[in-house]
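Please look through the structure below together with its sequence.

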Amino acid sequence: MPNKVITRRGMLGSLALSAAAVALVACGGAAPPPTEAPKAAAPAPTTAPASSGAAAAPTTAPAAGAATSAPAAAATQAAPQAAAPAAGGGAKIPMKVAVWEMPARQWMTPASKAWAAKNPDVDLTLEVMVYNDFAQKQLALLATGTLQDVFYSGIKWFPTTASKGGMLALDDLTKTKDPGLDDFVPAALQGCKFEGKLMALPFETQPGNYNAVMINKDYFDSKGIKYPTEDWTYEQFSELAAKLTDPAKKIWGTDAALFSNYYDFTTISYAYGGSLLSDDAKKFQLTTDPASVKAAQWHYDLLNKLKAAPLRGDRDGLTFASGRVAMHCDGIQGVKGTAATIGDKFKWDVLSGPTGPTGLRGSDGFVSMYSVYAKTKYPEKSFDLASYLTSKDVQLDSFVREGQPPSRRSVWQSDEAQKVQPIWGRFIKWMTDPKTKGPFPHPANLRFAELQDKWSNTASPLFYGEVPFDQGMKACQDACQAIMDLPHV
Amino acid sequence: MATTALGEVARARSLEHRRGVRPTDVVFYALMVVLALIFMFPFLWTLSSSLKTVQELFDFPPPLLPKVPQFRNYVVAINTVPMVRWIGNSVLVVVLATLGTVLSSSVAAFSFARFKYRGRDLIFMLTLATLMLPGQVTLIPQFILFHEMNLIDTLYPLWVPFWFGGTAFYIFLLRQFLMTIPADLDEAALIDGASYPRVFWTILLPLCKPALATCAVISFINQWNEFNTPLVYLNTPEKFTIALGLSFYRNVPEQGGMPMQHLLMAASVMAIAPCLVLFFSAQRYFVQGIVLSGLKG
């Protein structure tokens, strides 16, 4: 029998074909178990805030993942049941839920698994959505009719998705099975409404990105200055910041930049008794609302007259943890993370942001929520999942493990929350105070992103003193009003 | 006379040899080292930051080096997410997309450069016009297309399109290069009995190696860094590419969370390692690429 000769070219060709076949298979691949997701980030020991050396500092927050949460435990125990065939041998209900990719919100994965475990008749697929860029993907999914049965959103994008008919109105479903609506922070629930209809259930709410003020107690002590109290005003904040600023040591009284986002600036407008947007959200009122003008003047003076906060060029690398800022403006959601960067460098505390001249506080009513897809085939099941993901137990777990600001009053007021930091109790009073002004300032034409872009481009030169105050105010007003005059998206 | 001239050259060489390093050389090399350090600084800073504790990252003045190198950051970064899998996915996508880009673009370029047919210039202009279309415009139609083919949450949408003409930029680049090669070579091969595919494959493609390498290098870098396409098409973390996967370590201020910057730095160093390997192994082509295209990739 003659030997079959394999040429070099033939062998290389065969190898290339084999490699191509393997590559093609790898690209599609058998889908891994749908509930698989990266493990929750295990904090490196170096990141945990030290409890020593900062006796007065509220560094007692439990480390992420320290406790096995109820939902996580349930998921672990009940997962095999979820994989088992549905009772009665019928086909499982195929459902999809969106979860975040961020380590900060890993609770969504175990909580979804726990719900799946309790509902063995459902084959639940978890789809990871990258938080920062989810709006783009959501649009593509909506266009193709493949949006998840239950998906998350944020107050900034929520009205756009709702206006495109992507969300199921939940009013009727809540009458059938109340998810505990009374327990939600009213402002959070309000943020979940579109054209008067409830389009989502909130799982998170907070009053703004700069409304928790962290103070460096060691630095205050070194200057012999008393710590501020909860009833302080914006004017007192400015005076204190000016006293604490030490140019020789390159230490700033504050890093306040509440003009970064127009909706954060709105909280000062609210506190001064006005509003950046008109009631019908069709007019931009930076120069026409006296309270907004006062708020702008206050912030301008803080940077340019009192020189108590850094200008644009001085902000690079400026962090509270570096010890170069006496009073750091943060969101309540950022306190835990900032505390981890401080470690045992200095003692610190946190208190509510200042009030306006009449004792008012503003809130931009930031909300994150879960919605049900308008075209879902399983509205009751989807609503049940959304209710579970926004339930008290799940929120308590996400709060304890990850410091997520809850949307339920009972969690804000819980013993667990007070043990972490009394600030949580003070914040809920702020958010539920009928005098607190809100809500999130969406323009009537829903051109939120464009408005924010214009604000960013024009507010920075204004507040950094790169243009005269009046000129900067007019430029900002005109640019933002031009966006608000555009047609509805 | 000739002897004298040769002697002069020999003497000059000898002098140069004996003179050794000239002061201007020292200045030149010193300048080069300084510039190299300046350009390398961002990467060195990333490397240094990847070995620091979170608290050190926020120290002021920022320390150049970590007190105690935290190699554990790399371990945590790998163990927290399926890092190796993501790098593998990226390699697979990048290789297939680059191969498709180079092959299909060169075929299209061959057509534009060598054949005369009705509407050729118009088609070429239309092809170039697609350069002005932002990716977002075609995103949803393309998504619908792949959805109809049931290929969402697979890696196919990330590389299959590149086997259908690549992109206009590469077609243009290769067409321009092909037009500099004399048509006499094609004609000689055709007279010898070669077919058009053979002329393309055996005669022209080998002569296009510098341009092909340029396309390959630029395509590799673009694909490696591509974020939007995997973001839209992939849902399962195990299928993510490294560019998308790094978002796991991003902190979003409005959402709080524990600081992850040290892990992000470690993951970033690992993510750019394959690009570094490619750069050092294909440095010559990178330089050619910059010269040919005027782009730095």
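Predicted model: local features only at pLDDT ≥ 70, side-chain atom pairs only at ≥ 80, totals over all residues.

Residues are numbered from 1 along each chain as its sequence is written, and chains are lettered from A and ligands numbered from 1 in the order in which they are written.

**Domains**

The domain bounds used here come from an automatic or database domain assignment. In chain A, the assignment gives domain 1 (1-52 + 90-207 + 364-441) and domain 2 (212-268 + 293-352). In chain B, domain 1 covers 2-75 and domain 2 covers 81-292. Two residues are said to be in contact if their C-beta atoms, placed from the backbone, lie within 7 Å.

| Domain pair | Distance between C-alpha centres | Residues in contact |
|---|---|---|
| Domain 1 and domain 2 of chain A | 33 Å | 18 residues from domain 1, 18 residues from domain 2 |
| Domain 1 and domain 2 of chain B | 33 Å | 11 residues from domain 1, eight residues from domain 2 |

Helices and strands are named from DSSP runs (H or I with at least four residues for helices, E with at least two for strands) and are numbered from the N terminus. On the side of domain 1 of chain A that touches domain 2 of chain A, α17(A) gives the most, with four residues. The residues of that side of domain 1 of chain A divide into 10 nonpolar, six polar and two charged, where Ala, Val, Leu, Ile, Met, Phe, Trp, Tyr, Cys and Pro count as nonpolar, Asp, Glu, Lys and Arg as charged, and the others, Gly among them, as polar. On the side of domain 1 of chain B that touches domain 2 of chain B, α2 (23-49), α3 and α4 of chain B each supply at least two residues, and α2(B) gives the most, with three residues. The residues of this side of domain 1 of chain B divide into four nonpolar, six polar and one charged.

**A sheet in chain A**

Four strands of chain A form an open sheet of mixed pairing in the order β8-β9-β7-β10, two strands being paired if DSSP finds at least two bridges between them. Strands β8 and β10 (348-352) of chain A stand at the edges with a single partner strand each, so one side of each is left without a neighbour in the sheet. Neighbouring strands of this sheet are turned by 25 degrees against each other on average, direction ignored; axes are lines fitted to C-alpha atoms, for helices over the stretch in contact, and angles run from 0 to 180 degrees between N-to-C directions. Helix α9(A) packs on the sheet, where it touches β8 and β9 (325-330) of chain A, and its direction makes about 160 degrees with that of β8(A). Strand β7 (residues 212-216) of chain A runs antiparallel to β10(A) and is joined to it by five bridges; Ala212(A) has Ser352(A) in β10(A) as its bridge partner.

**Core and a covered helix**

A residue is buried if 20 or more other C-beta atoms lie within 10 Å of its own, exposed if 12 or fewer, and partly exposed in between, with C-beta atoms placed from the backbone. A nonpolar core is a set of buried Ala, Val, Leu, Ile, Met, Phe, Trp, Tyr and Cys residues joined through C-beta atoms within 7 Å. The largest such core has 195 residues, and those with the most contacts inside it are Cys192(A), Met369(A), Tyr370(A), Leu174(B) and Ala267(B). Helix α5 (residues 83-114) of chain B provides the largest share of this core, 11 residues. Leaving aside neighbours within four places in sequence, Met369(A) is in contact with residues including Tyr152(A), Phe158(A) and Cys192(A).

Helix α4 (residues 134-143) of chain A is mostly covered, with seven of its 10 residues buried, among them Phe134(A), Lys137(A) and Leu142(A). The buried residues of α4(A) pack against β2 (122-129), β3 (150-154) and α5 (158-163) of chain A, together with α7 (135-148) and α13 (228-233) of chain B. Just after α4(A), Gly145(A) takes a positive phi of about 70 degrees.

**Backbone details**

Lys250(A), a residue other than glycine, has a positive phi near 60 degrees; Lys250(A) is found in the loop between α9 (234-244) and β8 (252-254) of chain A. The peptide bond from Phe60(B) to Pro61(B) is cis, with omega near -5 degrees, and Pro61(B) is found in the loop between α3 (54-57) and α4 (72-80) of chain B.
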